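Subject: Structure for your review

Dear colleague,

Please find below the structure that I am handing over to you. My findings follow it.

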Amino acid sequence: MPAVDLFAVSSDRQFVLLKARPIREAVDEARLRQLLAESPYRLYKVNDAGIREAVEALNETLTHPDCKAALGSSKIVLAQRLDAQLTIEVAEDRMSAEATLVAAFGGRSLSRADLEHAIQEAGICRGVDETVLDSLVTTLAKAPPGKRINWLLAQGREPVKGQDTRFIPKVATSRAMMPQQVEGSADRVDLRNLGAITTVTVGQVLMVRQPFTQGTPGFLVTGEELPAEPGKDAQFSPGKGTQINPDNPNQLLATQEGMPIAQDRGMQVDEVLVIKVVDARYGHVNFTGSVVISGNVCEGMQVKAGGDINVAGFVESASLEAGGDIVVGRGIIGHQQTGVGQSCSCVVRALGNIGAKFVQYAQLSSDKDVLVESQMLHSQVTALGSVRVLDPGGRKGTLVGGRIQAGEQIEAAILGAQADNSTELVIEGIFGALKKQQKGIQMQLVNTQDVIKQVEEAHSKLVLMPASPKKEELMVKLTATLEHHQAQLAEHEVRLAGNKSQQETFLAEARILARQKLFSGLRLEIAGKKLTTLRDGGPSLIQCIDGKLEINPL
């Protein structure tokens, strides 16, 4: 049956209609659809209901000839021509807009001008990638009829916070002077090189200040600009022996020769005392600047410096105290003492960092970090920051015995040893102070609530009193008192919430890490919660979670 005998097109060419023609054999939906697909109207959108109605009407003519007349007057729509469709949806936050396109059913596709007009009508004026519009038009034109295409049409941009002021050192300081390995050797340290001791001359640039930036504004696809938060500004804090360059406020210069010492937002330049060996022949050292010792500090000797102390060799059963960092090229070696005020014969104290190749039977105290490269054995260590016993590759570094107390983290490749139960690792930091502060705030909050209750009761009684100038005066005073204590209560609640946030942050960051091996018998404590390891394990992370210590694999 030729398709042309069954189909007619409406005058506007929008619809394909069933033509009244007698048929000799029954037809089904599949056959009628096939005929439609072979016709000039194959791209039109098929009307399923019309197909079913047409099949029924055509087959009816085989058995009821009188139905042909009714069929002749019918307007059964078999298919419809549809132009391509476009809808644009702007996200609720107006940070993006998505286009949904449906390819034409035999009708007109979309042009670039159509897209641009729809974009404008949707109120979108920023974030459109103009280069893809032509590609989208071409893709739609080639798509099969009814193909649905979803396309990210426009994308807004979040504002980018500006950078804070940065202070960039232009000379090496003692904090970078950790023991340097001899090239090609995994276990030898160059005694002549503590990371190259740096001295500076008058007028030398020590640090540059990189000013804060304003950040990059963002925008919504509807055109509104999102302001950026600028970075934080900060100024130099010149230390002793330095000054800001009068010709360039972003440079810090040395005003004397000496050793540069890093400090917050600046540097200081210390005078340098260079000594070969500190022994009984040289005597104890007490110097206001920095001390560089190219050899050893021998047993029983004391070295005290207002700045840094750098020792190329060993520190053996001696005492070191520095206002800055202490860096020891070889090792810090002591022995256990009994019947005296301190348990170890070697004592090292620094307001800055302490760094060494290895440490054994020593008492270390740092207001910052303690960094040891190979071993820390049977020592008493306190650091307000972190304690790390790791080589640069993070694979070697053994911590065994003693009591190690840190404010933030304790980390080593290997924690403990076989059949050892003398290792105690504690992280307390500011948590104890925060808990004490929390208790104080809670007491203040309860006291303030009691005062407010008393004031409110007095106010209620005063309301019942007869009107008088005295009553009015008391009402004013009570109202002012109530507002004052309500403001105090709000302040206490804010402080309490801040305290809670600080505790949560501390617990999230406080951790003990074994990068390679964790042995049994370790006594662990974080924020007052204790745990003893009962079995050996591999790489492990210990944290305080939901009020108890947990050991999880790294």
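In this predicted model, helix α5 lies across β6 and β7, and its direction makes about 170° with that of β7. The sheet in question is open and consists of 3 strands in the order β5-β6-β7, with antiparallel pairing. Strands β5 and β7 stand at the edges with a single partner strand each, so one side of each has no neighbour in the sheet. On average, neighbouring strands of this sheet are turned by 20° against each other, direction ignored. The antiparallel pair β5 and β6 is joined by 6 bridges, and Glu89 has Glu98 in β6 as its bridge partner.

Helix α4 also packs on this sheet, where it touches β5, β6 and β7, and its direction makes about 35° with that of β5. Within α4, which spans residues 112-121, the residues Leu115, Ala118 and Ile119 are buried. These three cover an arc of only 100° around the axis, which puts them on the same side of the helix. The general rule is that an α-helix has 3.6 residues a turn, so residues three or four places apart point the same way. Gln120 and Glu121, on the other side of α4, are exposed. The cover over the buried residues of α4 includes β5 (85-90), β6 (96-102), α5 (133-142) and β7 (148-155). Just after the helix, Gly123 adopts a positive phi of about 80°.

A second open sheet has 4 strands in the order β8-β9-β13-β12, again with antiparallel pairing. Its edge strands are β8 (166-169) and β12 (242-244), each of which pairs on one side only. From one strand to the next, the twist averages 25°. Strand β9 (residues 205-210) and β8 are antiparallel and share 4 bridges; here Pro169 has Met207 in β9 as its bridge partner.

Parallel pairing is found around β19. Strand β17 (residues 285-287) pairs with β19 in the parallel sense over 3 bridges, and Val285 stands opposite Val303 in β19. Strand β22 (residues 319-322) is likewise parallel to β19, with 4 bridges between them, and Glu321 in β22 is the bridge partner of Lys304.

Leaving aside residues up to four places away in sequence, Met376 touches Val359, Val370, Val381, Val387, Val389, Thr398, Leu399, Val400 and Ile404.

Ile526 belongs to strand β33 (residues 523-526) and counts as buried, at 0% relative accessibility. With residues up to four places away in sequence not counted, Ile526 touches Ile427, Ala510, Arg511, Ile512, Ile542, Gln543, Cys544 and Leu549. Ile526 is also 9.8 Å from Gln405, C-alpha to C-alpha, although 121 residues separate the two in sequence.

Finally, the cysteines. How many disulfides does a search of the whole structure find? The search finds 0. Cys346 is in no disulfide: the nearest cysteine sulfur, that of Cys344, is 8.6 Å away, whereas a disulfide would require the two sulfur atoms to be within 2.5 Å. Cys346 is buried, at 0% relative accessibility, while Cys125 is exposed, with a relative accessible area of 55%.

With kind regards

How values were computed. Residues are numbered from 1 along each chain as its sequence is written. This is a predicted model: local features need pLDDT of at least 70, side-chain atom pairs count only at pLDDT 80 or more; totals for chains, interfaces and linings use all residues. Side-chain values use heavy atoms; hydrogens and water are left out. Buried means under 20% relative accessible area, exposed over 50%, partly exposed in between (1.4 Å probe, protein chains only). Helices (H or I, at least four residues) and strands (E, at least two) are DSSP runs, numbered from the N terminus. The arc is that of the directions from the helix axis to the C-beta atoms. Contact means heavy atoms within 4.5 Å. Two strands pair if DSSP finds at least two bridges between them. Axes are lines fitted to C-alpha atoms, for helices over the stretch in contact, and angles run from 0 to 180 degrees between N-to-C directions.
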